[in-house]
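Open the structure in your viewer and keep the selection panel at hand. This tour goes from one selection to the next.

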Amino acid sequence: MSPATPDQALRRLELTVVRRLDGLLHGGHQGLIPGPGSELGDTRVYVPGEDDVRRMDWAVTARTTTPHVRDLIADRELETWALADLSASMDFGTADVAKRDLVISAIGAIGFLASRVGDRFGAYILHGDDVHRYPARPGRPPLYALLHSLLSAPPSGGSVELGPAIEMMAAAHRKRGLRVIVSDFLDDPDGWEPALRRLASRHQVLAVEVIDPRELELPDVGLVTLADPETGRSRDIYLSREIRARYAAAAETQRESNRIALRRCGAAHLVLRTDRDWVFDIAQFVLRQRRTAYLMRRMASTRGAAK
């Protein structure tokens, strides 16, 4: 069977999102990470235990001598920016797909869901030694052009540090919205955590971590040649039981460092694996986020009513 062309792959991706993911998440305008919005709305009397004191309208409170808060209007036209890592390490894959395929699938899923409700979607692509920018536009045609470029991109021969790329995206787009980082996060968290923390202080941030099972544990196959795709260096290693155990422990430590760093940043964390159904994982993640948001609103309402 001949390999699929970019156009054929793009049509399959769209059908997957529309028929499976969009169907599972069908509903009103709800983003991947539900939030209250960012535009200021009307002022009303403060309800203790239910309202956030950070939304207190001190000017109205001073005039009326009664505490007032200002509501936030839920956004109906958001601007979503994604940072897609297509560096050399993403061309690796030992299961159903390569990590690069998962990056494109995640960008496509988020883009198709955003275009369904008219949101603008743009992207920064880390490829080779450069960062390529695609402006944020609404609708399907610009998204098709972006995905076609991703599918047609040749294997990357270099790498760009994740931290400076995040800083670049944050500095260029100040309007509040959703920011999505899709990467394997193999860089040291000290290099990208400060930039991601600053980004999350202003925007909703979703970190999509792409993993291949061979990055977590090595097979018992004896002597192998391991090569670094970003530097080109290679080394022959005999995969003894001790080596494999040490590798698995180091991999778990690295992933745990990522989880802790992302939690400190306040970013939502979604893990996609090359040996799992990425549509199911995204759907489960979004449903958990919505359920959590609903329960938090319900708990706040219950506490307010009790008082």
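Is Arg197 buried, partly exposed or exposed? Select it: at 38% relative accessibility, Arg197 counts as partly exposed. Keep in mind throughout that this is a predicted model.

Glu193, at 5% relative accessibility, counts as buried.

Stay in this region and pick Trp192, which is buried with a relative accessible area of 0%. Trp192 is one of the residues in the three aromatic pairs of the structure. Its partner is Phe185, in an edge-to-face arrangement with 5.1 Å between centres and 65 degrees between planes. Phe185 also counts as buried, at 1% relative accessibility.

For another aromatic pair, select Trp81 and Tyr124. This one is tilted, at 5.4 Å centre to centre and 45 degrees between the planes. Trp81 belongs to strand S3 (residues 79–85) and Tyr124 to strand S4 (residues 120–127), so the pair ties together parts 43 residues apart in sequence. Both residues are buried.

Next, select residues 241–265, which make up helix H7. Its 25 residues reach 36 Å from the first C-alpha to the last, close to the 36 Å expected. Colour its buried residues: Ala251, Arg255, Asn258, Ala261, Leu262 and Cys265. They pack against helix H6 (189–200), strand S7 (204–211) and strand S10 (268–273). Just after the helix, Gly266 has a positive phi of about 80 degrees.

Two selections show salt bridges here. Glu252 is paired with Arg259, with 2.8 Å between the closest N and O atoms. Glu252 is partly exposed at 43%, and Arg259 is partly exposed at 30%. Arg255 belongs to a network of salt bridges that also links Lys99, Asp184, Glu209 and Glu215.

Move on to Arg276 and Asp281, whose side chains meet in a salt bridge of 2.5 Å, N to O. Arg276 is partly exposed, at 41%, while Asp281 counts as buried, at 8%.

Finish inside the protein. The largest nonpolar core has 37 residues, of which Ile107, Leu147, Leu206 and Trp278 touch the most other members. Helix H3 (residues 99–116) gives the largest share of this core, nine residues. A second, separate core of 24 residues includes Leu83, Val160, Ile166 and Ala261.

Terms used. Residues numbered from 1 in each chain as written. Predicted model: local features only at pLDDT ≥ 70, side-chain atom pairs only at ≥ 80, totals over all residues. Heavy atoms only, no water. Helix = DSSP H or I, 4+ residues; strand = E, 2+ residues; numbered from the N terminus. Expected span 1.5 Å × (residues − 1). Buried < 20%, exposed > 50% of the residue type's maximum accessible area, 1.4 Å probe, protein only. Contact = heavy atoms within 4.5 Å. Core = buried A, V, L, I, M, F, W, Y, C linked by side-chain atoms within 4.5 Å. Phe/Tyr/Trp six-rings, centres within 6.5 Å; stacked < 30°, edge-to-face > 60°. Salt bridge = Lys/Arg side-chain N within 4 Å of Asp/Glu carboxyl O.
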